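Below is a short report on a predicted model.

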Amino acid sequence: MEYNPQDIEQKWQARWKADKTYATSNHSEKPNYYVLDMFPYPSGAGLHVGHPLGYIASDIVARFKRHKGFNVLHPMGYDSFGLPAEQYAIQTGQHPAVTTEENIARYREQLDRIGFSFDWDREVRTSDPEYYRWTQWIFTQLFNSFYNYKLQKAEPIFKLINLFETEGFNGSDHEFLTGDIEHDIVPFNAEEWKAFGEKKQEEILLNFRLAYLSETYVNWCAAMGTVLANEEVKDGVSERGGYPVERKLMKQWSLRITAYAERLYNDLDAIDWTESIKESQRNWIGKSVGAELSFRVEGSEAKIPVFTTRPDTLFGVSFLVVAPEHELVSKITTAEHKTAVEEYVHYASNRSERDRMADVKKITGQFTGAYAIHPFTGAQIPVWIGDYVLAGYGTGAVMAVPCGDQRDYDFAKHFNLPIPAVFEGVDISEKADPTKEARMINSDFLNGLTGYDAIKMCIVRLEEKGIGKGKVNYRLRDAIFGRQRYWGEPIPVYYKDGVAKTFKDEHLPLVLPEVDKFLPTTDGEPPLARAETWNYDPEIGLVANGEGYPVELTTMPGWAGSSWYFLRYMEPNGVNNFVSRSIADYWQQIDLYIGGAEHATGHLLYFRFWTKFLHDLGYIGITEPAKKLINQGMIQGVSEKIHTLKVLSVAGHSGKSNTVHFFNGKDITPVEFNDQLVSAYYSHDLKIALNFESNEHNIDISLTENSVISPENMSKLGEWRDDFADAVFVCEGGYWWQGTFHRLKDGSDVFRTKSEVEKMSKSKWNVINPDVICNELGADTLRIYEMFLGPIEQHKPWNTNGISGVSGFLRKFWRLFTAPSGFNLSEDAATPAELKVLHKTIKKVNDDIERYSFNTVVSAFMIAVNELGELKCSKRSILEPLVVLLSPFAPHIAEELWEKLGHEQTVTQAAWPDFNASYLVEDSVSYPVQFNGKMRFTLDIPAAYTREQIEAEVLGWEATTKYLEGKAPKKIIVVPNKIVNIVY
Ligand code: ANZ
């Protein structure tokens, strides 16, 4: 009775499905646990072995928690709106809904094959109208809310309207609005408000709504016909596709995430997420503490407000710099400087914000001719414009202090402006000093104070004088929400006499209409403008063209649906609510969230934002969506490459110039080529090459084995790529040509490729499909092997060398239960040695799963199986608990053995074995662990461990990841029974 994964796995997958083994109830006496994966975008390429890495880890935790007596929520779904399906639709005319459906079916098949314990009854798809009904509903809630800065929470907009109706609005110092909200609303009283009329009232309210329409600069990607979010733009081009992106002023829907900046920043302290993700969120939010103050402009009413983090340096200001787009520029520029300033403004408008920030070396600017007055000394300060000052940050103007800020210093040097000294004993002849250590000089009432104290003092004086105040600024910008694309949620807004109104709840979902093409219209309107039924009557909903009010034509961005999906899983079919409050209260936060680190400032920020918003309105009780976050590392592909010389010109022969290729694992020099191949060339009537172009190509890894292309596959290369048909493949002893080897000298005829670790991707021909592994060796082997590759958070190459060891381990495990005659277990009492193996394994597996160290659990299993094998143990009392321990990792084999052990119920709910320390008198060694020679911590490791096991143990330890600082270890030195040193 051999272990046969194929039969077992299909049997149990079918059983789980039929029995709904993983269905989860929203009512239970048990404590609950919510473990979630970031749901995938179902792409056309299907899953490769890198994708399930995180899913396997979360599945292990989900199964472990079930054994531990938890009611576990472990769902899966699809983030199924998105650009690739739309791009494909544009190219092929295939409806994105159809391709999405096909891709989902393929994903599902692949996921099922791996034996995940998802509760599929809870599946959500963001592109399903019954799902996006609620995404649209949340949008309408945002539209109908404002931020009460005093209470630090969102509230219904009617509260604000009531206030305007009773008290009017007196500027920024409003009861609700004591925050630093930016607006240019002229104060009004209650009577004036009532007299404004709806249109004007609505315009005012847009300054407060959390979803609002405004003219903003956007990242416009003409090639894709859409606006992109900041994080979708890298180095001035779109992240996807690499198309150029320019800045353009457009009317846009945005979400006022900036209102939540402070909470998003502070609450990071309360969640257990990777420090690097928290740090990128902190940087993205970009909190800076300082002051805002205004400079009067000489001979004008105008005042220039500036934001500074260094009010202490106020007496070192020698000029002001205003962003070229600043609205004051045209007002203060003198006639004499008008032309030059206008030319400069035009120049700057063609440079993206990113270019402007990145390109610090290029110093440009123009004098406006205007002078500001220093608020304390009354000195004249020239006002310049310069594009190192960004319009969208702070006030869009800076007080330039060359001695304290390097950009100001460079600007001053370049334009020959003064560099006054305000720091005692600091040399500023070469560069600015950005520290706050020195004591102040030449600074009136600040003299003698250090920067730290002077900052506080100066703010006090500014406030006394009424010209400035302490201020906190955030780099975070509001999130642009409208896309000029088809395959997304329609924004549920219509326009009545030009005023934006949201759809009533009962008219949702606003279903994505059919269009003839997925492209913008010829006059540049978004694809939804092509829809025929696309007007709205507030009484009856959508009506035929031309008879109602026009509907918004942009759709929501990719991140809308994923900002709240974790809540929908709790009650996926709820019809009255996106989730009932009682059910949301039952499940609370996601206990463990696993997904890629690439979402650090996108999804992971937006879903925190929406959670806080929904909390503010009282729909849910939590303010943070996920307690613990793990970012799984990437599994990289191992590519096989060949070096090619492409012949550019040919001599010695007349006729057409064929393109000939030469390949080898190593580079071939033209000299080598000449010596070895000239005769071959003549004999085959090939041509002699004079010029080469040297390149590297990836070869489909299925054509190689251990970096060798077999003779059989040599002939297949020609079919694999057309231009390889007539190519010459050089190796040590000669060359392959059209599938035949031609010897030139002594040496091997083996054609080698060069392996290289890089991203696993279809385009690199290095993809490993999990189905293939499941079919050959079984899903249990795949699951364990992926975990065995290394610590979950580290990047690691897919290296199939060890995989047979893993399937061998499962076979050995199986054999413990069987004799040649069949299933065979002894009911005898266990020996102390057997109990010791069992209990040390219980402890290790339990503790390591709790700290998410899955690779070390696998080693522990392997050791246990070897030891029990040596003890010839076939005792039920030892092997039965072992089945439960293994079941989170290898659920199929565990179910099969559990059944054979005589159980009628599935193993998935079997109680986790109890650990009894009294069986464990284990020798262990306390190893000092060093990093680059520095002792960092000690670790107790069983004395029986081999070098490899010690290494794995140390590498899997949490603190190791920390001390490695994201680097890969170069060398690990293990001195048995003494010390471990990691060199990185
Ligand atoms: C005077 C000063 C003196 C400054 C000094 C720095 C050092 P963070 O920390 O990023 O908030 N600044 C303000 N608004 C700006 C804008 N729109 N574009 C470019 N720079 C701007 O930086 C705030 C500092 O950056 C501010 O403090 C201001 O320069 C500049 F010794 O003011 B400082």
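## Ligand site

Threonine 308 has a side-chain N or O atom 2.7 Å from an oxygen atom of the ligand. Tyrosine 393 also places a side-chain N or O atom by a ligand oxygen, at 2.5 Å. For arginine 407, the distance from a polar side-chain atom to a ligand oxygen is 3.4 Å. Polar contacts here are pairs of N or O atoms within 3.5 Å; within protein, one must be able to donate a hydrogen and the other to accept it, and residues adjacent in sequence count only if both atoms are side-chain atoms.

On its own the ligand has 640 Å² of accessible area, and the protein covers 87% of this. Areas come from the Shrake-Rupley method with a 1.4 Å probe; for residues, only the protein chains shown count as cover. The ligand has 18 residues around it, and Ser288, Thr308, Leu390, Tyr393 and Arg475 come nearest. A residue is near if one of its heavy atoms lies within 4 Å. The shell holds eight nonpolar, six polar and four charged residues. Ala, Val, Leu, Ile, Met, Phe, Trp, Tyr, Cys and Pro count as nonpolar, Asp, Glu, Lys and Arg as charged, and the others, Gly among them, as polar. Strands β11 (303-308) and β15 (397-400) each supply at least two shell residues.

## Parallel sheet

Four strands form an open sheet in the order β2-β1-β23-β24, with parallel pairing. β2 (71-73) and β24 (626-631) are the edge strands; each has a single partner, so one side of each lacks a neighbour in the sheet. Helices (H or I, at least four residues) and strands (E, at least two) are DSSP runs numbered from the N terminus. Strands pair if DSSP finds at least two bridges between them.

β1 (residues 32-37) and β23 (residues 590-595) are joined in parallel by three bridges. Valine 35 faces leucine 592 of β23. Helix α19 (residues 603-616) packs on the sheet and touches β23 and β24; its direction makes about 155° with that of β23. Contact means heavy atoms within 4.5 Å. Axes are lines fitted to C-alpha atoms, for helices over the stretch in contact, with angles from 0 to 180 degrees between N-to-C directions.

## Hairpins

β30 (residues 728-731) and β31 (residues 734-737) run antiparallel, joined by four bridges. Two residues separate them in a hairpin. Valine 728 has tryptophan 737 as its bridge partner.

β31 also pairs antiparallel with β32 (residues 740-743), over four bridges. Tyrosine 735 stands opposite histidine 742. In this hairpin, glutamine 738 takes a positive phi near 50°.

## Basis

Residues are numbered from 1 along each chain as its sequence is written. In this predicted model, local features need pLDDT of at least 70 and side-chain atom pairs count only at pLDDT 80 or more, while totals for chains, interfaces and linings use all residues; side-chain values use heavy atoms, leaving out hydrogens and water.
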